[in-house]
Amino acid sequence: MSRYNFRESEARWQEVWEQRGVFRASIDRSRPKYYVLEMFPYPSGRIHMGHVRNYTLGDVVARHRRALGYSVLHPMGWDAFGLPAENAALERGVHPAKWTYENISTMRAQLKSMGLSLDWSREFATCDPDYYRHEQKMFIDFLKAGLAYRKEAFVNWDPVEQTVLANEQVIDGRGWRSGAPVEKRKLSQWFLKITAFADDLLDALQRLDRWPDKVRVMQEKWIGRSSGAEIRFALKGREDRLTVYSTRPDTLFGATFCALSPDHALAEECARKDPALAAFIAECRRAGTSEAAIESQEKRGYDTGLRALHPFIPGKELPVYVANFVLIEYGTGAIFGCPGHDQRDLDFARKYGLPVIPVVLPPGADPKTFAIGDEAYTEDGTIFNSGFLDGLGVEEAKRAAGARLEALGAGKPQTVYRLRDWLVSRQRYWGCPIPVIHCEQCGAVPVPEKDLPVMLPKDASFDRPGNPLAHHPTWKHVACPVCSGAAERETDTFDTFFESSWYFARFCDPKGKTAFAREAVDYWMPVDQYIGGVEHAVLHLLYSRFFTRALRQCGYIGIDEPFAGLFTQGMVCHETYRGPDGEWLTPSEVKREAGTVVRLSDGAPVTIGRSEKMSKSKKNVVDPTEIIAAYGADTARLFMLSDSPPERDLEWTEAGVDGAWRYLNRVWRLVTEPPVPLPPPGTPKPAELSAEAEAAWRAAHKAIAAVSEHLEAFRFNVAVAQVRTLSNALAELDGTGPGEAWALRFGLETLTLLLGPMAPHIAESMWEALGREGLLCEQPWPKADPALLVEDRVTVAVQVNGKLRGTIELPRDAANDDAQSAALAHPAVQRSLDGKTPRKVIVVPNRIVNVVA
RNA sequence: GCGGGCGUGGCGGAAUUGGCAGACGCACUGGAUUUAGGUUCCAGCGGCCUCGGCCGUGGGGGUUCAAGUCCCCCCGCCCGCACCA
């Protein structure tokens with residue numbers, strides 16, 4: 001018995017594909033184009049199973065589309081700037097560039113071992129100056145177009161490391177490495193004006209009909225368009241006014257307090273005269289900056305002593321608090337509190353003994369007795385206790401209140417977005433330098449185009465706290481491009497989402513002197529199918545949508561939406577293991593033994609934990625390289641596609657990999673050791689087919705139809721099951737009857753073609769073993785004959801009162817009367833009816849007969 | 001806290017979108033062949049059962065001739081929340 005030699009085979013086919021350049025993309029106007037893109041990887045060091053899954057899914061799409069006759073673009077590159085490179089520099093003394101490019105070469109080799117149908121000639125890394133020079137020019141164009149600007153914003157500042165921390169690096173108010181209490185600091189930073197496109201980004205979501213609904217909903221919520229009113233409260237004894245935003249101006253008569261964010265200018269002003277308030281504000285700032293942290297903590301406040309005057313009720317004063325649940329980033333950073341109709345306000349009012357005035361009456365409630373208990377009433381109803389608004393519905397009252405505010409000069413209706421402008425400044429070394437020069441005389445001046453790119457200095461030092469670019473002895477000192485006086489470079493670099501917001505368009509012409517060759521971009525864009533993790537559902541995808549619009553406005557490209565189709569894959573998970581001392585163990589450190597799991601080294605008992613996303617911290621990782629070395633890429637790919645639907649989490653199991661491996665060997669035997677010799681390739685269908693031959697022939701056509709349909713719909717697990725169903729049918733054939741050897745060849749060739757996108761190496765070998773000319777990956781996708789998909793006879797279920805009592809065989813499309821009488825004649829039906837006369841019989845042709853007694 | 005998603009045998013999952021629940025696998029059980037090689041082949045495999053059936057798609061209610069699928073309420077788990085990428 002000859003075993004399939006995957007090592008020899010995979011290496012050979014990969015070389016053949018590369019030598020013949022079969023996956024090279026080119027503009028070909030005689031065919032429809034198809035651009036398949038998987039989210040490009042961050043070069044962290046080695047590929048992980050998430051990559052294997054992502055790139056397997058994309059490769060199935062790419063190979064399938066190629067077989068369907070499309071001109072396919074399927075490129076690969078590296079999202080190469082980012083924090084981990086700097087951490088490596090700090091921890092191991094490796095330069096970020098060296099670390100990054102070495103990782104890239106390791107990971108490139110790993111990806112190549114997967115046999116992906118990529119056009120490697122288009123590869124680039126975003127840290128290549130030839131890449132990032134273009135985004136520096138884009139930024140300058142954005143500046144000119146008013147899409148980039150500078151303003152002050154709060155950051156998490158680690159006083160020991162002298163650096164800005166990400167929210168995830170702040171743990172319990174302290175820096176993750178230094179342990180020092182994190183300060184909120186205001187820094188002057190660069191922003192991109194994504195809010196300028198808020199309405200368009202929101203409205204265009206409706207047209208992205210090949211995106212998952214959940215992603216569209218997430219983006220919709222993220223943009224968070226709301227209409228309400230801006231209300232300007234007069235302050236007792238002061239000239240200035242307090243501006244708040246509310247989505248519920250209809251509840252203004254129920255207002256019993258106002259509240260400021262701890263970061264509000266007025267709060268800071270009051271704190272200068274009130275040390276206890278200053279202490280309260282400091283405490284709020286320590287509690288964490290993320291929206292999650294702020295909104296889930298206990299509501300607390302501090303009375304500033306200021307009193308706001310109600311715009312509609314003369315003489316009514318509202319206390320002004322500083323409250324920890326008011327976000328500075330949303331609206332105006334100040335609110336009015338209506339405890340009756342907002343849960344947060346209610347919690348706050350109860351805690352501080354503030355009055356609760358209901359102003360929205362639920363339908364059917366009695367205005368004399370209706371009162372608010374522990375729950376605020378947030379549904380629709382009729383306004384009451386509200387002067388001129390009484391009797392209106394919530395929506396009319398919003399409009400009426402807005403109009404009255406405007407008439408009084410105390411506010412106006414307003415639309416507000418949750419979406420904030422994109423802060424792109426990072427105080428880091430390993431990123432694209434922001435091409436601006438700061439001059440005392442001339443202000444912030446863009447670097448002239450002839451001086452681009454602004455390159456990172458190679459000789460930065462990472463051994464002391466702070467931004468290496470800022471410390472560099474010479475790099476930042478330059479002459480002002482306008483007045484030639486002494487000036488300094490901007491030492492901030494771009495957020496790495498900047499690079500990933502346009503790489504997809506660069507792949508159309510990756511070596512061009514300008515960012516985009518219009519001909520190539522116009523031909524290939526948009527991406528027809530984009531594939532990646534849901535974790536990017538909002539930020540990366542929204543930034544890319546914005547960036548594409550900004551590039552269009554600046555004349556770079558002609559489209560708005562970068563990704564016509566989107567697919568978000570699930571995570572790769574694995575069981576977790578803990579040894580006797582509670583320490584995490586990797587799957588390779590344990591073994592299964594008689595139903596339990598023990599440690600490989602000493603047989604100590606191991607506790608099995610639930611399956612979780614593979615992560616270094618829990619050690620539940622399986623290295624793709626080891627799997628590919630042990631089983632081959634095809635087995636790994638097939639397992640990735642089997643069982644779990646691609647959008648759901650996949651559990652990696654040893655048994656599942658074995659199953660995929662056994663299946664491929666089984667298929668190999670089917671092709672190389674058929675029960676009878678196969679007729680030569682191209683033999684015409686014989687006139688006579690045995691019943692078995694006919695069944696196998698039909699099974700092949702059904703498999704073509706089913707696999708095609710499921711591949712289109714991203715149901716790859718079902719497509720794999722259908723391929724297996726075909727191999728089961730072919731294994732049944734003994735080949736001796738009329739036409740059976742022919743049917744077997746037809747079935748095996750079909751099987752090979754269908755398996756091609758999933759397990760491309762073994763499929764090439766099968767094609768060769770079947771004696772066919774040419775490369776399998778260049779064969780057209782097979783077509784199913786619709787006439788062979790339907791059977792002459794069908795099995796129809798027979799129910800009595802909706803319960804299954806048996807089945808009957810009928811000719812296809814039999815008359816309803818025939819179906820009915822056949823069903824009534826069924827012994828089980830007679831038994832169930834027990835002499836009763838059926839009241840009604842429902843016949844669904846070719847499916848079911850339901851006898852209602 | 002807010003937002004999003006998911007619950008079907010021991011396990012992963014399937015089910016022409018309202019029409020035979022459990023396709024295809026994994027695990028397991030019995031048998032055959034080979035037996036030191038990540039074998040292969042055959043049979044069985046939701047639960048209960050008086051062998052005629054009864055119960056079963058997280059739980060409870062509803063619509064319908066018919067519900068995993070549609071509607072209402074509840075429970076559990078997972079993910080995101082703006083400087084990780």
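Helix α2 gives the most to the lining of the largest cavity, with three residues; helices here are DSSP runs of H or I with at least four residues, strands are runs of E with at least two, and both are numbered from the N terminus. The model is predicted, so local features need pLDDT of at least 70 and side-chain atom pairs count only at 80 or more, while totals for chains, interfaces and linings use all residues. Residues are numbered from 1 along each chain as its sequence is written.

A cavity is a set of points on a 1 Å grid over the protein atoms alone where a 1.4 Å probe fits but cannot get out, and lining residues have an atom within 4 Å of a point. Points are joined across faces, edges and corners, and a volume is the space filled by probe spheres set on them. By this rule there are four cavities of 30 Å³ or more.

The largest holds about 120 Å³ of space. Among its 14 lining residues, Arg 63, Gly 756, Pro 757, Leu 776 and Cys 777 are the closest to its centre. Two or more residues of this lining come from each of α2 (49–67) and α23 (760–769).

Now for the second largest cavity, with about 60 Å³. It is lined by 14 residues, and the closest to its centre are Leu 810, Ala 814, Ala 819, Pro 845 and Asn 846. Here strands β32 (793–800), β33 (803–811), β34 (840–844) and β35 (848–852) each give two or more residues.

How values were computed:
Chains are lettered from A and ligands numbered from 1 in the order in which they are written. Side-chain values use heavy atoms; hydrogens and water are left out. On a 1 Å grid over the protein atoms alone, a cavity is a set of points where a 1.4 Å probe fits but cannot get out, and a pocket is an open set with protein on both sides within 12 Å along at least five of seven lines; lining residues have an atom within 4 Å of a point.
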